[in-house]
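Here are my notes for you on this one. Have the sequence and the 3D view open side by side, and take the points in order.

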Amino acid sequence: MTKQLPCPRCGTTRDVDIVEREEKVTIHGREVPFTAQFSRCMTCGEEFEAPGQLDANLAAAREAYARLYESPKPEELVALRTRYGASQKAFSIILGFGKLTMNSYESGSSPDSTNRLLLKLAAKPYIFKEMYSINKNRIGALQRQRIEASEAFRSAMEWDGLEALSASLTALQREKIEVCAGQNGLPVSEQIARYVGCESFQDYSRLYAEAQWTSGTTRQIPGASVLVNSALGVAG
Ligand SMILES: [Zn+2]
């Protein structure tokens, strides 16, 4: 590929070749190999980075670093996929990958930045459920059954209509709500509406209690057990 750029050595515009070279940079103290692109003056042989190549090379180095050090590990991907009861192929299709893509990631190849993002999002059941509803007709009935029966998928169904709240809670907080709901034989939405607390669930108790009192007088909140009793309508 040939184009014209100002050559720093010749001091004038010259025909240049685009050449690629393996380079190494150090990012966060780690050496990262990546493929860098340069322009080579066809007159004097000088190699230089045009402004666009400088940006592209920085981006390539960052991406190489992310692939090496920020990619999900194969065992983490297996764990993610099996939480939803999905085969490699079904999981690939649901996330919009090629059919064999999960297989290659679980065998050690690194996802690119787009797929890393999708994999990260898929870890949230309510987002996975959205992906599933878009692509479920492209996978087999048996796979659909298995996924819909998985605990992770069912937990997303339980948060239906409460996605914003679900997103604002940590995974641990969501799990605690689900455990409480399960113990009380209630749907998650009802558990939240009524909130009756586990002792370990103080933050949510406070949130709930404060929400209850917003329109009334401001009250001092002495402690979580009192909050729980108040939420229950029991005198502290
Ligand atoms: Zn030159």
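How many residues lie between E3 and E4 in their hairpin, and which residue in the turn has a positive phi? Keep that in mind; we get there in point 4.

1. First, the ground rules. This is a predicted model, where local features need pLDDT of at least 70 and side-chain atom pairs count only at pLDDT 80 or more, while totals for chains, interfaces and linings use all residues. Residues are numbered from 1 along each chain as its sequence is written.

2. Now the overview. The protein has 13 helices and four strands (DSSP runs numbered from the N terminus, with at least four residues of H or I for a helix and at least two of E for a strand). Of its 236 residues, 21% count as buried. Buried here means 20 or more other C-beta atoms within 10 Å of the residue's own, exposed means 12 or fewer, and partly exposed is in between, with C-beta atoms placed from the backbone. As for contacts with a separation of 6 or more, 50% of them join residues 24 or more positions apart; a contact needs C-beta atoms, placed from the backbone, within 7 Å.

3. Have a look at strand E2, residues 12-27. E2 pairs with strand E3 (residues 30-41) in the antiparallel sense, over 12 bridges; to count as paired, two strands need at least two DSSP bridges between them. You can trace the pairing yourself: Asp-17 is bridged to Arg-40 in E3, and Val-25 to Val-32 in E3.

4. Next, the turns. E2 and E3 make a hairpin with two residues between them. His-28 sits in that loop and is exposed, since 7 other C-beta atoms lie within 10 Å. His-28 has a positive phi of about 45 degrees, although it is not a glycine. Most residues other than glycine have a negative phi. To settle the opening question, the hairpin of E3 and E4 has five residues between the strands, and Gly-45 in its turn has a positive phi of about 85 degrees. E3 and E4 (residues 47-48) are antiparallel too, with two bridges, and Ser-39 stands opposite Phe-48 in E4.

5. Last stop: Tyr-126, in helix H6 (residues 125-135). Tyr-126 counts as partly exposed because it has 18 C-beta neighbours inside 10 Å. Beyond its neighbours within four places in sequence, Tyr-126 is in contact with Ala-156, Trp-159, Glu-163 and Ser-166. Take Ser-166: it is 40 residues from Tyr-126 in sequence, but the C-alpha to C-alpha distance is 8.2 Å.

How values were computed. Contact = placed C-beta atoms within 7 Å.
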